[in-house]
2 protein chains.
Amino acid sequence: MAERAAGSGVQSVERAFELLELITAAGGEVMLSELAASTDLPLPTIHRLLRTLMAKGYIRQLANRRYALGPGLIRLGTAASTQLGALAGAQLRSLVDQLGETANMAVLDADMALYIAQAPSKHSMRMFTEVGRRAHTHATGVGKAILAQLGDDAVRAIMARTGMPRPTTMSIGTVDDLLADLARIRERGYSIDDGEQEIGVRCFAMAVPDAPTPTAISVSGPVSRVDDAFAERAIPVLRAAAHSISSDLNPVA
Amino acid sequence: MAERAAGSGVQSVERAFELLELITAAGGEVMLSELAASTDLPLPTIHRLLRTLMAKGYIRQLANRRYALGPGLIRLGTAASTQLGALAGAQLRSLVDQLGETANMAVLDADMALYIAQAPSKHSMRMFTEVGRRAHTHATGVGKAILAQLGDDAVRAIMARTGMPRPTTMSIGTVDDLLADLARIRERGYSIDDGEQEIGVRCFAMAVPDAPTPTAISVSGPVSRVDDAFAERAIPVLRAAAHSISSDLNPVA
DNA sequence: AACTAACTTCCACAATGCGAAATAACGTGG
DNA sequence: CCACGTTATTTCGCATTGTGGAAGTTAGTT
């Protein structure tokens with residue numbers, strides 16, 4: 001095999017995670033020989049790695065001999081999600097302090113926007129999105145900010161897989177309309193959800209630059225408060241928060 | 001080192017996951033030397049494994065040189081959660097078909113009950129718990145069924161970490177009351193949430209035997225429908241579903 | 001029952017991962 | 001600002017671990 005550079009990784013660990021990613025990409029369930037075809041690794045090598053993952057519950061073998069992701073990954077995943085949420089918590093609370101409306105952070109996960117952190121506003125009537133909830137990307141501010149970081153082909157593929165349900169009459173319903181909106185978002189530097197997820201609620205969202213996974217933050221509230229004047233105040237503050245989170249995610253200068 | 005048995009795992013992969021679990025257990029953030037103390041592995045070995053995990057985003061290094069879980073684990077975790085949810089889906093739908101009330105499945109995750117699957121009933125008024133939502137274990141049927149699988153010391157430790165908020169006046173508020181209820185649950189073989197999470201809602205839940213992580217399923221609805229007669233019908237059906245899911249999770253005879 | 005496909009185990013071999021030693025970087029107190 | 005202790009990172013010789021071809025086993029299909 002190619003000589004491995006000093007300072008590079010541990011091959012077996014890389015291979016193990018490659019298998020986990022392949023199983024995830026395949027919908028969570030595969031045959032060993034499918035993994036062999038995807039990786040060019042020999043069957044005994046794959047088997048040994050899977051056996052290691054099975055022993056600790058990261059992989060399960062189904063009755064039909066196929067391999068599936070195991071529950072051991074759930075706690076790692078939610079711990080990671082909590083960690084990232086905690087990292088952003090201070091920035092989101094600062095957004096709420098400055099703008100007075102609820103702030104959220106979401107990541108792209110399995111083609112959906114996964115909310116991983118929230119700082120609620122003090123208003124009695126406020127947006128409440130549960131951490132852990134997943135929403136369609138095309139119908140949310142954070143979702144569109146996330147999609148705007150991807151290429152059109154990737155966006156088309158995601159829409160093909162998830163469909164484009166319309167929570168409200170304001171929701172975008174076609175891929176072409178979505179791509180046009182994403183172009184505007186890229187030009188403007190932020191996304192707007194104008195009653196697309198919920199009538200009467202407006203949301204401004206922005207991508208977190210250089211996040212290890214597509215990530216966005218947002219502020220949202222009723223249109224009576226989240227108006228154009230609010231937008232003028234919010235955009236610079238949102239941008240600063242996004243960059244601050246980006247710096248926290250990427251501490252190397 | 002001890003000679004490794006034939007058919008055992010890949011040491012490097014085991015070590016890598018051990019480190020991930022230790023970081024998770026430590027709250028998601030550690031120093032390299034803390035990992036060394038916990039594992040007795042030499043620093044260069046730990047460093048090489050962490051470097052491998054960092055390269056693919058499963059680990060991040062913070063500005064303070066500590067190591068944290070990375071976003072790469074989130075998609076593995078949610079994919080695993082979805083997989084398990086899909087596995088139970090058929091059984092939960094069968095429960096709904098037979099009993100007419102909403103069925104849920106949850107796993108213990110970071111001291112909370114994480115809902116990973118649901119089959120809603122056809123009633124207009126029905127329980128709706130979002131998949132991905134986490135609830136306190138002491139105040140839900142699935143949570144108490146999960147806790148009943150643990151020892152009293154483990155339960156005390158969890159309650160110490162999470163606290164015991166009382167969503168309703170019916171909620172259990174002390175560890176002693178909880179332990180007493182858990183003893184009854186173990187004896188009876190199922191748990192009951194009688195308005196503890198939400199007034200007017202009753203829930204029957206049962207542990208899934210031999211699940212790789214503490215897991216429980218439940219049926220729930222308004223007390224007007226979920227009465228004692230319902231319980232008599234529900235308990236055997238719930239038990240059968242729990243065992244069926246257990247068999248699906250553990251295909252080896 | 002026979003055949004085929006897929007999975008699992010064995011084992012000789014050498015490449016990878018190991019870990020002691022050395023070096024580098026960071027934080028703190030004077 | 002500097003010295004020092006602590007923590008992290010890199011190097012490299014070595015041998016243990018992981019590799020993968022061959023063979024054996026199991027499950028599904030005809």
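In this predicted model, 53 residues of chain A are in contact with 53 residues of chain B, where contact means heavy atoms within 4.5 Å. The two chains bury about 4500 Å² between them, and 65% of this area lies on carbon and sulfur atoms. Buried area is the accessible area (1.4 Å probe) that two parts lose on being put together, summed over both. Phe17(A), Ile74(A) and Gln83(A) supply 14% of the area that chain A buries against chain B, more than any other three residues.

Two salt bridges are counted between chain A and chain B, a salt bridge being a side-chain nitrogen of Lys or Arg within 4 Å of a carboxyl oxygen of Asp or Glu. Glu21(A) forms a salt bridge with Arg75(B), and the closest N and O atoms are 2.9 Å apart.

Several elements give two or more residues to the side of chain A that touches chain B, among them helix H1 (11–25), helix H3 (43–55) and helix H8 (228–249) of chain A. Helices (H or I, at least four residues) and strands (E, at least two) are DSSP runs, numbered from the N terminus. The largest share of this side, 13 residues, comes from H4(A).

H4(A) also gives the most to the lining of the second largest pocket, with five residues. A pocket is an open set of points on a 1 Å grid over the protein atoms alone, where a 1.4 Å probe fits, with protein on both sides within 12 Å along at least five of seven lines; lining residues have an atom within 4 Å of a point. The second largest pocket has a volume of about 480 Å³, a volume being the space filled by probe spheres set on the points, which are joined across faces, edges and corners. Of its 18 lining residues, the closest to its centre are Arg75(A), Thr24(B), Ala25(B), Ala110(B) and Asp111(B).

Residues are numbered from 1 along each chain as its sequence is written, and chains are lettered from A in the order in which they are written. Local features need pLDDT of at least 70, side-chain atom pairs count only at pLDDT 80 or more, and totals for chains, interfaces and linings use all residues, while side-chain values use heavy atoms, with hydrogens and water left out.
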